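Thank you all for making time this morning.

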Amino acid sequence: TGTDRIATLDPLGNDLFFTLQANTFSLPPSPEVKPLRISEPGTPIEFSLGAKAIQKNIGILTSGGDAQGMNPCVRAVVRMAIARNCRPFFIYEGYQGLVDGGAKIKEAGWTDVSGFLALGGTMIGTARCKAFRELEGRRTGVLNLIKNGIDALVVIGGDGSLTGADRLRAEWPEHVRALEKAGLITKENAEKYRTLMIVGMVGSIDNDLASTDMTIGACSSLERICESVDAILSTALSHQRAFVVEVMGRHCGWLALNAAISTGADYLFIPEAPPSKDDWEASMCKTLKASRDAGKRTSLVIVAEGAIDRHLNPIKAEYIKDILSTRLGYDTRVTILGHVQRGGAPAHFDRFLGTMQGAEAIEAILRAKPDTPSLVIGMLENKITTQPLKEAIELTGQVAQAIESKDFARAISLRSAAFSKQLKSYKEIANFNPDSKMKLPEHLRLRIAILHAGAPAGGMNTATRSAVRLCLNRGHTPLGVHNG
């Protein structure tokens with residue numbers, strides 16, 4: 001074409017150029033090569049660099065409640081599988097698609113997941129499946145997997161969905177024997193598919209898996225809550241109203257706690273840390289009144305949907321509203337955010353988390369041996385982890401058990417290490433407390449200057465707010481230095 005370059009395709013269909021010029025980062029599309037043809041379902045992609053034996057046929061399904069970040073995770077699983085010479089298969093509508101089979105199980109190509117990064121929810125669908133809860137339903141699912149040659153399964157869902165996957169794997173040899181005996185599969189297939197590898201990832205906006213610091217979808221959900229509460233506070237400020245905002249979290253208060261920290265809520269109710277006093281209503285009113293007396297025009301209470309008192313009685317948003325209206329005379333409104341918390345595009349962190357965990361899921365499958373237990377991919381201290389699935393689920397179940405037995409200290413200890421620190425910090429800076437028990441003796445109190453220097457950055461004001469409140473509640477004198 002008159003240019004000094006050689007153009008070809010790499011094994012994944014991307015243009016690859018060799019030029020005489022160094023650092024040529026921008027070149028027009030190549031007329032020399034044709035786009036890689038996308039194969040029909042069931043036909044493996046053929047690369048010109050020589051065929052290799054397929055390592056694994058991997059099914060991918062999303063189950064349970066949807067969570068932002070599921071689509072980036074599916075995308076990563078598909079593309080990493082292809083890059084590692086595996087064949088990925090979509091299983092549409094979760095376990096229902098596994099039971100239905102047929103068109104609900106379809107081989108996935110590289111471009112089938114184009115655009116998934118920015119999409120919320122799950123593009124391959126999720127649905128409740130009563131049939132999968134029964135032995136015969138699971139056996140039908142096993143038959144459909146074997147028919148499609150699938151010998152590994154990636155499941156993205158909550159703890160219930162992952163428990164179902166682990167159960168399927170435990171029953172797998174029994175199902176294979178029964179299917180062979182019934183003549184539904186051949187002896188050769190029974191031998192070939194004698195094991196099924198399971199790898200799970202937690203897609204849950206509640207961030208409720210005990211063995212990971214963050215689950216897919218939690219960060220985006222918190223973004224939705226903050227956006228909504230910011231909008232609520234602008235109208236609350238105009239009318240000097242009080243708002244009680246209910247957020248999701250039946251057994252886990254992570255969303256409520258982090259929403260309270262991020263929005264400056266005056267009071268918080270979560271299942272792991274109920275109010276310490278039986279007459280918590282009086283304590284709440286005293287705290288909110290102190291904030292109003294200090295000049296605050298609004299009052300904000302965040303309550304998790306599973307909030308309880310120390311006797312396990314539910315604490316509902318409407319009841320809190322009635323207390324604020326009758327005892328304090330505040331014009332109070334209730335907002336239940338509901339499914340808006342699941343909606344919208346995934347935030348950066350969920351795109352990143354889903355991508356990194358999806359890639360690790362494929363590597364975990366390829367490392368696994370027949371006796372490797374089912375695995376769950378998580379994150380601890382900003383590092384992607386691989387742990388036994390059964391142990392992670394059991395640890396998560398212990399949180400609910402601790403709450404039921406009123407052992408709230410243990411329930412908090414089973415959450416991530418940051419949870420208890422966040423709760424402690426929130427309690428100290430949520431409100432101005434002139435009678436704070438944290439006040440230091442006079443000779444230990446300091447005069448602390450706070451200034452901003454350099455370019456502005458999001459979070460500077462939040463950091464200053466926390467520093468000032470902590471100073472006041474400990475008896476120090478904070479000084480604001482204007483203009484750096």
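Predicted model: local features only at pLDDT ≥ 70, side-chain atom pairs only at ≥ 80, totals over all residues.

The angles themselves run from 0 to 180 degrees between N-to-C directions, and the axes are lines fitted to C-alpha atoms, for helices over the stretch in contact. Helices (H or I, at least four residues) and strands (E, at least two) are DSSP runs, numbered from the N terminus.

Residues are numbered from 1 along each chain as its sequence is written, and side-chain values use heavy atoms, with hydrogens and water left out.

As for the chain as a whole, it has 14 helices and 15 strands, and its C-alpha atoms fill a box of roughly 80 × 65 × 40 Å, taken along the principal axes. Of its 484 residues, 46% count as buried, where buried means under 20% relative accessible area, exposed means over 50%, and partly exposed lies in between, with a 1.4 Å probe and protein chains only. Among contacts in the chain, meaning heavy atoms within 4.5 Å, those with a separation of 6 or more come to 74% from residues 24 or more positions apart.

Now to the helix pairs. Helix 3, residues 135-147, packs against helix 4, residues 159-181, at an angle of about 75°, with the axes 9 Å apart, and helix 3 and helix 4 are therefore roughly perpendicular to each other. On the helix 3 side the contact is made by L135, R138, R139, V142, L143, L145 and I146, and on the helix 4 side by R167, L168, E171, W172, E174, H175, V176, A178 and L179. Sorted by class, that contact has 10 nonpolar, one polar and five charged residues; here Ala, Val, Leu, Ile, Met, Phe, Trp, Tyr, Cys and Pro count as nonpolar, Asp, Glu, Lys and Arg as charged, and the others, Gly among them, as polar.

E188 and L143 are 45 residues apart in sequence and 14 Å apart in space, C-alpha to C-alpha, and E188 counts as exposed because its relative accessibility is 58%.

The second pair is helix 8, residues 280-293, with helix 9, residues 317-327, whose axes come within 11 Å and cross at roughly 60°. Helix 8 and helix 9 are therefore oblique to each other. Helix 8 contributes W280, E281, A282, M284, C285 and L288 to the contact, and helix 9 contributes Y319, I320, I323, L324 and R327. By class, this contact of helix 8 with helix 9 has nine nonpolar, no polar and two charged residues.

Let me turn to the loop between helix 6 and strand 8. Leaving aside neighbours within four places in sequence, R241 is in contact with several residues, including R292, R297 and R333.

Q240 is in that loop between helix 6 and strand 8 too, and its phi is near 55°, a positive value in a residue other than glycine. Q240 counts as partly exposed, because its relative accessibility is 41%. A positive phi, of about 70°, is also found at L312, again not a glycine, and L312 lies in the loop between strand 10, residues 299-304, and helix 9.

I will end with L446, in the loop between helix 13, residues 417-429, and strand 14, residues 447-451.

Conventions: Parallel < 35°, antiparallel > 145°, perpendicular 65-115°, else oblique.
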